[in-house]
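Good morning, and thank you for coming. Please look at the sequence and the structure first, and then we shall go through them together.

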Amino acid sequence: QVQLVESGGGLVQAGGSLTLSCAASGPTFSTSKMGWFRQAPGKEREFVAAIAWIGGGKIYADSVNGRCTISKDNAKNTVYLQMNSLKPEDTAVYYCAADRRATMNQWANNYYGADYWGKGTLVTVSS
């Protein structure tokens, strides 16, 4: 069983930056991609970004494209989400996910069926 633990959330002013981390443990070799979703109060969970362990291919949601960068450290089994120019509408609980088979397109279409999920980290952006 793969375990995912997010960290790095917190309170930041609009226009600021924040970097989230997701550390994976367990049989991570079984997963092909990891990514981030977020859920704002009263809204559905939405896709943010995903990255492939092998090859490093990336995909972003339109809402964060150009403001966020997803990256990975294979040696540390850790995926990062650097967020810049944060807006109040970025306020949400950010969840890390990992999956064995889903394609990038599936991830981008709000793939709720990921095999593994973290418990989330709260990001609050004040105006």
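This is a predicted model: local features need pLDDT of at least 70, side-chain atom pairs count only at pLDDT 80 or more; totals for chains, interfaces and linings use all residues.

**A walk through the model**

The phi angle of Asn77 is near 50 degrees, a positive value in a residue other than glycine. With a relative accessible area of 24%, Asn77 is partly exposed. By definition, buried means under 20% relative accessible area, exposed means over 50%, and partly exposed lies in between, with a 1.4 Å probe and protein chains only. Ser85, in the loop between E8 and E9, also has a positive phi without being glycine, in this case near 45 degrees. Ser85 is partly exposed as well, at a relative accessible area of 43%.

Residues are numbered from 1 along each chain as its sequence is written, and side-chain values use heavy atoms, with hydrogens and water left out.

Now to the chain as a whole. How many helices and strands does the protein chain have? There is 1 helix, and there are 11 strands. Read from the N terminus, the order of elements is β-β-β-β-β-β-β-β-β-α-β-β. The radius of gyration is 13 Å, close to the 14 Å that the globule rule gives for 127 residues, so the chain is as compact as a globular protein of that length. That radius is taken over C-alpha atoms, and the globule rule is 2.2 Å times the number of residues to the power 0.38. Along the principal axes, the C-alpha atoms fill a box of roughly 40 × 25 × 25 Å.

Of the 127 residues in the protein chain, 46% are buried. Among contacts with a separation of 6 or more, 60% come from residues 24 or more positions apart; contact here means heavy atoms within 4.5 Å.

Let us turn to the interior. In soluble globular proteins, nonpolar side chains tend to be buried together. Here the largest nonpolar core has 41 residues. Such a core is a set of buried Ala, Val, Leu, Ile, Met, Phe, Trp, Tyr and Cys residues joined through side-chain atoms within 4.5 Å. The residues with the most contacts inside this core are Leu4, Met34, Trp36, Leu81, Met83 and Tyr94.

A disulfide is a pair of cysteine sulfur atoms within 2.5 Å, and the count comes to 1. The pair is Cys22 and Cys96, with sulfur atoms 2.0 Å apart. The torsion about their S-S bond is about -85 degrees, so the disulfide is left-handed. Cys22 lies in strand E3 (residues 18–25) and Cys96 in strand E9, so the bond ties together parts that are 74 residues apart in sequence. Cys22 is buried, at 0% relative accessibility, and Cys96 is buried, also at 0%. Cys68, by contrast, is in no disulfide; its nearest cysteine sulfur, that of Cys96, is 14 Å away.

Finally, the charged residues. Side chains of opposite charge can pair when their charged atoms come close. A salt bridge is a side-chain nitrogen of Lys or Arg within 4 Å of a carboxyl oxygen of Asp or Glu, and the whole structure holds 4 of them. Arg38 meets Glu46 at 2.6 Å, N to O. Arg38 is also bridged to Asp90, with the closest N and O atoms 2.9 Å apart. Arg38 lies in strand E4 (33–39) and Asp90 in the loop between E8 (78–83) and E9 (92–99), so this pair ties together parts that are 52 residues apart in sequence. Asp90 forms a further salt bridge with Arg67, at 2.7 Å. Both Arg67 and Asp90 are buried. Through shared partners, Arg38, Glu46, Arg67 and Asp90 are joined into one network.

Terms used
Helices (H or I, at least four residues) and strands (E, at least two) are DSSP runs, numbered from the N terminus.
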